Amino acid sequence: MEYSPRDIEKKWKTHWKEHEVYKVVNGGERPKYYVLDMFPYPSGAGLHVGHPLGYIASDIFSRFKRMKGFNVLHPMGFDAFGLPAEQYAIETGIHPAVSTAENVVRYRQQLSNLGFSYDWSREVNTSEPEYYRWTQWIFLQLFDHYYDKEADKALPVAPLAERFAQEGNARVQAVCDDDTPTISAGEWNAMQESEQALFLLKYRLTFPEESFVNWCPALRAVLSNDEVKDGVSERGGHPVERKRMKQWSMRITAYADRLLQGLDAIEWPESLKDQQRNWIGRSQGASVKFQLEQDAATFIEVFTTRLDTIFGATFMVLAPEHELVARLTTPAQQAEIETYIHWTAARTEVERMSEVKRVTGAFTGSYCINPFNGEKVPVYIADYVLAGYGTGAVMAVPSGDQRDWNFARHFQLPVVSILDAQKNIEEAADPTKEGRYINSGFINGLSYTEAMPKLTAWLEEKGIGRAKVQYRMRNAIFSRQRYWGEPVPVYWKNGVPYPLDASELPLLLPAVDKYLPTDTGEPPLGRAEGWKYQGLYDYEWSTMPGWAGSSWYWYRYMDPHNEKVFASKEAVDYWQDVDLYVGGSEHAVGHLLYSRFWNHFLHDMGLVPQREYAKKLINQGMIQGIIEYLMLQKDKVNGYSRFVCAGIAAEEQQAGTEFAKIPIHIDYVKEYGMPGSYVNLDSIRQFIEWRPEYGEAIFECSQGIYHKGKFTPKKDVSDSYLLTFSEVGKMSKSKYNVINPDDVIDRYGADCFRMYEMFLGPVEDAKPWSTKGIDGVSKFLRRFWSLFFTEQGAIALSDAAPTKEEMKALHAAIKKVSDDIGRFSFNTCVSAFMVAVNELKRLDCRNKAVLEQMVRLLAPFAPFTAEELWRHLGGAGSVHHAEYPTHDEVWLVEDVINYPISVNGKMRVTEKFPASAQAPELEKAVLELESVKKWIEGKEVRKVIVVPGRMINLVVG
């Protein structure tokens with residue numbers, strides 16, 4: 001029977017769907033195991049070959065655990081709200097829901113083609129009202145709670161308001177805004193209802209506030225940090241600027257310590273946990289107020305972890321966005337400050353934080369007073385200070401901080417030594433804490449440990465500061481000025497936000513005439529006619545961010561059709577948490593941090609049993625593409641653009657000619673991904689048709705020149721051989737190097753594609769896509785298939801007892817594959833399969849008992865092929881419900897061992913000895929071997945070293 005992947009896959013896809021082979025039920029006698037993939041955003045481009053890498057790995061592991069006797073939940077859904085669908089709607093007028101639904105159908109088809117064992121009856125879609133109703137419901141719970149420090153958990157706001165009415169807020173230990181004033185019960189009770197509502201916003205876990213956001217004027221949208229790369233939008237490459245806007249925020253900072261502690265309880269990659277620790281950035285220090293010289297009632301507040309250095313603070317640096325900048329700027333400095341602020345607005349936070357070589361800044365013209373020594377301190381602004389971190393102000397101590405030192409040198413500001421142990425501060429900063437303080441007032445002569453308590457006590461005694469724990473992490477912005485997102489279930493009345501009642505959910509997206517901001521700059525929802533609460537009050541016009549729906553979706557998979565709760569207690573108590581989560585590390589401080597925050601909150605409410613929702617996390621690496629470029633000379637030649645062969649460009653660049661790399665669609669490139677990739681005349685014509693602006697360009701290679709439709713050869717040739725410039729990079733539409741997995745599957749089959757992606761290397765590693773080795777995997781599958789059939793296609797299996805060699809090959813494969821699946825080392829599993837099949841082929845194995853176990857062993861990796869062979873073997877039901885084979889060490893015990901024999905440490909021969917032979921027997925036997933005698937003839941054997949089971953070494957002289 002011929003191996004025909006296309007027919008086999010079509011047959012079993014239909015069978016699995018009709019017979020609900022992968023249907024999962026809650027409960028039962030088998031232990032549960034929950035495998036979760038980070039669900040995809042269904043873009044119009046569909047999947048490329050890099051997307052399925054993690055899905056294949058998790059599917060193999062899910063199938064393995066199911067066959068090992070577990071009740072496995074391995075669901076799939078779609079993170080379906082997002083900017084691309086909205087941009088498509090703006091361009092075409094097609095409602096995002098329509099294009100998203102079409103994209104979901106395509107994704108489902110592609111995922112189905114790969115043979116994944118998903119229970120599609122549990123599919124979720126974050127853009128469906130029956131799903132986002134519960135996202136809105138969780139938002140309402142966050143709005144109705146605050147974080148109580150004494151209880152160390154979230155508690156309802158209503159009792160807090162009652163406490164204010166009885167005793168004020170002086171004794172309340174809660175996480176709240178830094179500027180929350182202390183009020184008495186009388187002051188609270190004297191407030192109007194709207195004033196009380198606004199005051200409570202200072203405590204609620206979600207609330208509106210002025211925040212700095214990534215604003216993209218071209219897209220007319222706020223972008224998350226993940227959506228901004230190198231100062232431009234990831235989608236479209238448009239400039240992004242920092243802008244202060246009113247946004248809803250989540251008080252994730254309330255959970256900062258718990259999020260840090262929780263990292264110790266989960267098996268996530270250490271590099272990822274370090275990213276979260278650094279992002280949270282817990283610092284122990286002090287808050288200090290510096291009085292303005294021109295206004296004694298106004299202060300600049302700073303947070304410092306080195307209060308001991310305050311006598312060495314010779315200038316103050318504010319973020320350009322700091323609220324006091326306008327007030328501090330003198331008329332003489334106005335133009336310079338405004339120019340600098342405008343320049344800074346176009347730079348991302350990442351750029352500002354990472355820039356260390358270039359020093360920039362501007363003097364405001366004003367001064368503040370160092371409270372410890374009364375000295376005037378000039379106030380500057382600089383882009384390395386961020387408004388969103390700390391207080392947006394830094395007391396600069398150039399003798400102890402290199403960035404401050406660089407700034408001081410650039411602007412000729414004083415550098416004051418503060419410790420007698422500091423060295424060479426004329427050349428660089430020295431951050432030491434060693435030695436005794438000098439030039440430091442009342443702490444002169446003290447050590448660090450002696451000085452700190454005195455400084456803190458003095459600070460608090462004078463009422464100008466306090467000891468404080470600070471976090472680098474800020475409140476999470478929770479709104480976007482877009483259309484395609486979850487509506488925030490809030491309406492506005494007299495400038496105060498009021499939550500909807502849970503019974504009024506879901507709040508649906510309204511119809512709008514355009515998916516653009518209003519003419520006055522309001523978000524697109526401002527276009528909705530008559531969209532008001534009870535016909536009177538405006539709903540919130542911003543929508544939730546993309547991470548809202550992905551912060552709890554694993555619970556909905558547990559109970560996807562429940563109309564009464566987001567998931568029943570019975571379902572949540574059964575599945576508990578995710579045993580294995582697979583996804584990209586790029587979400588370390590986005591989704592993976594926000595989702596932990598939401599889970600901690602749901603746990604506080606008693607709605608979920610575990611504080612941390614995912615026990616183990618594996619980050620799959622990226623399958624990269626080869627990006628192909630044509631080399632374009634930057635200066636035109638006789639008025640024409642000139643493209644040259646990569647080889648010519650390399651030579652001319654050394655002579656000073658400058659070239660730009662122009663990406664070209666990989667479909668036009670011959671020998672794509674190979675060292676000699678090139679474009680011929682047909683390729684050039686395709687490129688020109690695609691990029692008509694280069695219709696009259698010169699295309700020059702070593703074989704000739706193509707210009708204006710004519711090829712002029714340099715030698716006796718008839719075609720161009722213009723070498724492209726190739727580099728490894730991200731596979732994306734913008735690089736024109738996307739490879740559709742459907743095309744690969746159509747040629748080689750899904751099982752081959754699955755095993756080849758695993759064979760490329762460790763799942764966690766990045767690797768370039770190449771089909772160079774896929775033929776080898778294809779041949780392996782055909783070779784495996786041929787063990788079951790004659791050349792004429794008849795089934796050819798024997799019921800005879802397996803030979804010892806056959807059992808050894810089988811059980812060696814079982815042991816290796818089972819162990820490596822547990823380690824997520826799938827590339828070595830594929831190698832083990834190849835070794836086993838080659839050995840069984842050498843032995844001409846037709847034994848049914850051996851091959852039946854090999855089919856079960858292979859089933860998680862090649863589900864279609866295994867299912868078909870299982871049927872030919874007469875197996876009951878689906879192979880994917882069969883028991884996974886286990887190895888028996890008896891068959892792996894060696895009868896003989898092939899010993900390498902060395903003379904004076906240099907290996908000379910190998911000889912076989914019984915595995916049971918002991919060292920004395922081996923010493924005697926090796927000296928009698930003819931193959932050894934010639935190496936020791938005429939020499940004295942001084943010592944024979946035997947390492948049983950491994951090696952023998954003769955020391956001669």
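User: Why does Cys368 count as buried?

Analyst: The model is predicted. In it, Cys368 has 0% relative accessibility. Buried means under 20%. So Cys368 counts as buried.

User: What makes Cys829 buried?

Analyst: The relative accessible area of Cys829 is 0%. The cut-off is under 20%, so Cys829 is buried.

User: How do you know that Cys829 is in no disulfide?

Analyst: The nearest cysteine sulfur belongs to Cys752 and is 17 Å away. A disulfide needs two cysteine sulfur atoms within 2.5 Å. Therefore Cys829 is in no disulfide. A search of the whole structure finds zero disulfides.

User: Where does Cys368 sit among the strands, and what is its bridge partner?

Analyst: The bridge partner of Cys368 is Val377, in β14. Strands β13 and β14 (residues 376-381) are antiparallel, with five bridges.

User: What makes β13 and β10 a pair of strands?

Analyst: Two bridges join β10 (residues 282-292) to β13 (residues 362-369). Pairing needs at least two bridges, so β10 and β13 pair. They run antiparallel.

User: What lies between β13 and β14 in their hairpin?

Analyst: Six residues separate the two strands. In the turn, Gly374 has a positive phi of about 75°.

User: Why is Gln333 called buried?

Analyst: Gln333 has a relative accessible area of 17%. The limit is under 20%, so Gln333 is buried. It is found in the loop between α11 (325-328) and α12 (334-345). Leaving out residues up to four places away in sequence, Gln333 touches Phe363, Thr364 and Gly365.

User: Is Gln412 buried or exposed, and why?

Analyst: Gln412 has a relative accessible area of 74%. Exposed means over 50%, so Gln412 is exposed. Gln412 is in the loop between α14 (402-410) and α15 (448-461).

User: How do you know that the buried residues of α20 line one face of the helix?

Analyst: The buried residues of α20 (residues 681-690) are Leu681, Ser683, Ile684, Phe687 and Ile688. Seen down the axis of α20, they fall within an arc of 155°, so they line one face. Residues three or four places apart point the same way, because an α-helix has 3.6 residues a turn.

User: What makes Asn680 a cap of α20?

Analyst: A side-chain oxygen of Asn680 lies 3.2 Å from the backbone nitrogen of Asp682. The polar contact limit is 3.5 Å, so this pair is within it. Asn680 caps the N-terminal end of α20.

User: Which residues have the most contacts inside the largest nonpolar core?

Analyst: They are Tyr555, Tyr581, Met755, Met854 and Phe861, in a core of 162 residues. Helix α25 (residues 826-842) gives the largest share of this core, nine residues. Apart from it lies another core, of 48 residues, including Val288, Cys368, Val379 and Tyr380.

User: Which residues are in contact with Met755, leaving aside its neighbours within four places in sequence?

Analyst: They are Val777, Phe780, Leu781, Val830, Phe833, Leu858, Phe861 and Ala862.

User: What makes the peptide bond from Leu505 to Pro506 cis?

Analyst: Its omega is near 0°. Pro506 lies in the loop between β19 (496-499) and β20 (532-533).

Definitions and conventions: Residues are numbered from 1 along each chain as its sequence is written. This is a predicted model: local features need pLDDT of at least 70, side-chain atom pairs count only at pLDDT 80 or more; totals for chains, interfaces and linings use all residues. Side-chain values use heavy atoms; hydrogens and water are left out. A nonpolar core is a set of buried Ala, Val, Leu, Ile, Met, Phe, Trp, Tyr and Cys residues joined through side-chain atoms within 4.5 Å. Buried means under 20% relative accessible area, exposed over 50%, partly exposed in between (1.4 Å probe, protein chains only). Helices (H or I, at least four residues) and strands (E, at least two) are DSSP runs, numbered from the N terminus. Contact means heavy atoms within 4.5 Å. The arc is that of the directions from the helix axis to the C-beta atoms. A polar contact is a pair of N or O atoms within 3.5 Å; within protein, one must be able to donate a hydrogen and the other to accept it, and residues adjacent in sequence count only if both atoms are side-chain atoms.
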